[in-house]
Amino acid sequence: MSQMPQQAAVSKCPSCEEPLESGDRFCGACGYDLSAVPARPDDSPTIALNGAVPPPSSAPDGVDWPVARDSDGFGRPAPVHAAAEVPGTDSGGSPLPPHPPAAPPMPSAAPPMPSGAPPVPRTASEPAAPGPAAPGVRFDHPAGPEQEPVHGPEAGREDGREPDAYPREPDAYPREPDEYPLQAPDPRSAAAPPAPAVPPAPAAPAASEKVCVACRAGRVDDDGYCENCGHAQPRERDHMEQESGPVAAVSDRGLRHHRNEDAFSVGCTALPDGAPASVAIVCDGVSSATRPDDASLAASRAAGESLLAALPRGTHPQQAMHDAILAASHAVNALAEEPETAREQAPHQNAPACTLVGAVVTAGLLVVGWVGDSRVYWVPADRSAPPARLTEDDSWAAQMVAAGLMSEAEAYADERAHAITGWLGADAYELEPHTASFKPDRPGVVVVCTDGLWNYAESAEEMAEAVPLDAAARPLHSARVLVGHALDGGGHDNVTVALVPFPAPPQGAGSA
């Protein structure tokens, strides 16, 4: 049986001088084959120099012995000879194949440029063009097929560490970078993404267009809603105020109704003798009829225009009031003449209808006229004098009281109290305009109003308490106060009130 060659009796590796242990056949640090070390002779020959014999273990003075290089990075000296340079045998005892010759050194990754060719400039981020692939070296984009990694004794490294999968020499082959530079991005995908679409700001409405009361930026469409924020706009008739000379009127939708079905008309004119005259007309649309808001608006305009045209011609104010009521009735009746298509779509609709009450004030005469349940009150400036209600309602309650069937308190407590018996409209039973003339003996103020106000101040005394003391001097302010009184009371109906000072002040005088 063959035996392994005996290890030489040495205590340090001849190559790296690393301490050895008994029985080691190879150096544990550098892998040096210790079987090739000749046995140390028993004697220690010395060379006599100047008759002195140095100690056996010390080196002669003046000899420059090579020192092992500390190049492995771990504090261990690198061997003088590589393990692959020492002949040896494989596990079967056969000699190892000769070591293949080392490849010629290669320059860095850039391939050699042809003579005379100018160098190509390259930015720092641009990767270097790889040269021809050397054995055991692979680039990100190899020029040829990939080579299999080399293993075995040929792949050993001088420092004795575990050989890499791809053998390389420090100066001959460039090290493979830890991170490969990215390829240049595709200009199509590298382009900046489009900015997110921002909705355009709403265009500012023209000066002639209505502006939203909520956002103050959007235009109000024909249906009454803002095109920008969608907010429903208050209709023009939800709250109206007007002042004409000494006369003023205010109308409000109230707190319960979805629209204002009241309307008014105020104005000033002069009689043929130059005496001033003030006119106020107030109309209340009948909610159970079709288009009550159109009916009240048409009636108030027709009656006001009729009075302002008749009085300057010398027509008596009471006659002018009668004619104005007739003109208003014709205007409301005209609203019932609808196209055939409209009647086919809503065959059960009734005709538009409304009530009317008005007052004409001159230098010494007060004329009132009415159809329906809207009222006129007289409130003297001297509150010590009694106030008075100047109209009688065309209602079921008034008829019960006039017939002596019920007391006023009982009649107006009945649920049928506000059912009207007279109105303006095509389906009215008969038109009976009511007019009356008065000659007050003291100054005061005339209150012309719908039931939306007098429901909260029904008697003359209650109305006088609600009217401000300076109503004759500040009619517009006082009208606002009366509308507020109704709203504070509940605002169950539309509220409209007009105030006319008596006697009529000279032309040009207005509210203070």
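Student: Where does arginine 291 lie, and what makes it partly exposed?

Tutor: Arginine 291 lies in the loop between E4 and H2; helices (H or I, at least four residues) and strands (E, at least two) are DSSP runs numbered from the N terminus. The model is predicted, so local features need pLDDT of at least 70 and side-chain atom pairs count only at pLDDT 80 or more, while totals for chains, interfaces and linings use all residues. Residues are numbered from 1 along each chain as its sequence is written, and side-chain values use heavy atoms, without hydrogens and water. Buried means under 20% relative accessible area, exposed over 50%, and partly exposed in between (1.4 Å probe, protein chains only). Arginine 291 has 28% relative accessibility, so it counts as partly exposed.

Student: How do you know that the span of helix H2 agrees with its number of residues?

Tutor: The expected span is 1.5 Å times one less than the number of residues. For the 19 residues of H2 (292–310) that gives 27 Å, and the end C-alpha atoms are 27 Å apart, so the two agree.

Student: Which elements do the buried residues of H2 pack against?

Tutor: Those residues, including Pro292, Ala299 and Leu307, pack against strands E3, E4, E5 and E9 and helix H3.

Student: Which residues touch the most other members of the largest nonpolar core?

Tutor: Such a core is a set of buried Ala, Val, Leu, Ile, Met, Phe, Trp, Tyr and Cys residues joined through side-chain atoms within 4.5 Å. Of its 31 residues, Val447, Met463 and Val497 touch the most other members. Helix H9 (residues 475–489) gives the most to this core, with five residues.

Note on methods:
Contact means heavy atoms within 4.5 Å.
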